[in-house]
Amino acid sequence: MESSSTLEPLFAFMTYSLVRLEHAFKAVPGSAIVIRYVRSSYQNDPGRSLLELILVVFAIRTLLQNRTRARQKNFVKLTEKEIGELVEDWVPEPLVQPLDEVEQAELDSLPIISGPVGPKPKLASNGKTVLNLASYNFTGLQGNEYIKERAVDILRKYGLGSCGPPGFYGTIDVHVELERNLASFLGTESAIIYSQGFSTVSSVIPAFSKRGDIIVADRGINFAIQKGIQISRSTVRWYDHNDLKSLEEVLESVDKEAKKKRWPLTRRFIVTEGIFENDGAMSDLPKLIELKKKYKYRLILDESISFGSVGRTGRGLTELYNVPATEVDMLVGSMANGLCATGGFCAGSIHVTEHQRINGTAFVFSAAIPALLAVCASEGINILTSTPSLLETLQDNIRAIRSVLEKVDLVEITSHPASAVVHVCIRRHGYSSAGGLLAPGAAPQPSKHTKSNPTALLASKDHFEHDWQTEERLLQEVVEDALAQGVMITRAKRLRGQEPWEPRASLKLVATAALTRKECEKAASVIKASLIKVLSRRR
């Protein structure tokens, strides 16, 4: 009792001092914000406040300590001669690794175009005009004379570009007009444009989906979507490529897992493509919308390939399936592919687009697209709206190309019949890793699992043992042989070793409405002859 009574004046003094200190701190402008932040931080994560306090103390200590003291202990003074010798001996490391033999050969094989790129470009090596089935020029907007004139006029009026981000001083009237045109064309409430097509979807996904949120994604998604999912740090569940029965099973398993583990209520997204970049398969949009409504998910649909190539006027899958675009929560597309301009877009409700203006990293930190290219995209939309015959011609040319190549037994076409990007793969039962052709049924068969593991990106039943290096070498021979005969095509280029899911090696043919049906049939016949020539001599 005596000790406690002795300490009472001390406790009273400490309490008085803390109260005075608290009043003094609250008198400082902005102190209320700091107090509110600390309380909120402590409530959500007590360890975070402690960690931040330690970091602040460490930063102050680092700023106040004498930096020269440690250097002076081991300091060695060199003469001018010794410094010169060290400089002469120093060899800087290369910024990039030198190309290996395969990479150098691939670089040397790339054709060089003389003049503008179009449906019939001229090769710089021999001046020969070739049929172009390698460029994304679905409706022939590339090289359109009216669009060229408009681009020159805008260049003279606005200059090349603002060189500033859209949220600062990069946005001008033509950008706002393009966003209105896109929203009106697609039938959505609003739209937002990005400067690069690749970074559009990889920025849209992490703008909405954060750590703890759930993403259910197709295993066959392209590399840009993979990066967006990785950046979001969300909980990811995978379903088999373009298999909506597998998607429903995964959605059900997520619901069961959430109830079992009592997960908090989070945002949930289904992420897929309209037409898949890696193999040309097409999603069943009505079924996707049915599932996302049933299980209460938001749908992020990447239409980078389907926009400008399918539908009566090129509006993509929503027009093809006669589904209102408002049923898709976030509709992402590429203006570089579909409109022969540059950049990408995200269309949806006004809440979706306005959120990205402060949270979409590629929008916030990238310079706005040049004014002339924004006008090119707007004019492209006007042409697609007023000339639906372009899409009819495109689809007719796709059928012409497929009708010729489908007769080749050594290959298979993985793309949907309406896809303007036609992927041609070496048939698995007709190829061996030893470099020869096998009889039907001799190829390795997939393992027979009815269900795949949704937490694993690579499903065991999708895995085939095949020598993709040999396949790509054979396909490259086909590309070079076709070019020698006047048809320019390309292989689908893959980021081997960087993608968890390795797409099959394939030729990538891009149909265009700028060529006639006879020209497309002629080009397909040349490719057919090259395929037979290259693959048959491996028998």
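Entry 1: I am working from a predicted model. I looked up the strand order first. Four strands form an open sheet, ordered β11-β12-β15-β14, and they pair antiparallel. I then checked the edges. β11 (411-413) and β14 (490-491) each have a single partner strand, so one side of each has no neighbour in the sheet.

Entry 2: I traced R491 across the pair. Its bridge partner in β15 is L507.

**Entry 3: the helices.** I asked which strands helix α19 lies across. Helix α19 (residues 389-405) lies across β11, β12 (421-426) and β15. It runs at about 155 degrees to β11. I then turned to helix α21 (residues 517-536). It also lies across β11, β12 and β15. Its angle to β15 is about 175 degrees.

**Entry 4: D279.** I located D279 in the loop between β7 (268-273) and α13 (285-294). Is D279 buried or exposed? I find D279 buried, with no salt bridge. I looked for the nearest side chain of opposite charge. That is R494, 7.9 Å away. A salt bridge needs the charged atoms within 4 Å.

**Entry 5: around D279.** I checked what the D279 side chain does contact. It makes a polar contact with the side chain of H241, at 2.6 Å. I also listed residues that D279 touches, leaving out those up to four places away in sequence. They are H241, T414, S415 and H423.

Terms used
Residues numbered from 1 in each chain as written. Predicted model: local features only at pLDDT ≥ 70, side-chain atom pairs only at ≥ 80, totals over all residues. Heavy atoms only, no water. Pairing = 2+ DSSP bridges. Helix = DSSP H or I, 4+ residues; strand = E, 2+ residues; numbered from the N terminus. Contact = heavy atoms within 4.5 Å. Axes fitted to C-alpha atoms, helices over the stretch in contact; angles between N-to-C directions. Buried < 20%, exposed > 50% of the residue type's maximum accessible area, 1.4 Å probe, protein only. Lys, Arg positive; Asp, Glu negative; His and termini not counted. Polar contact = N/O pair within 3.5 Å; in protein donor to acceptor, adjacent residues only side chain to side chain.
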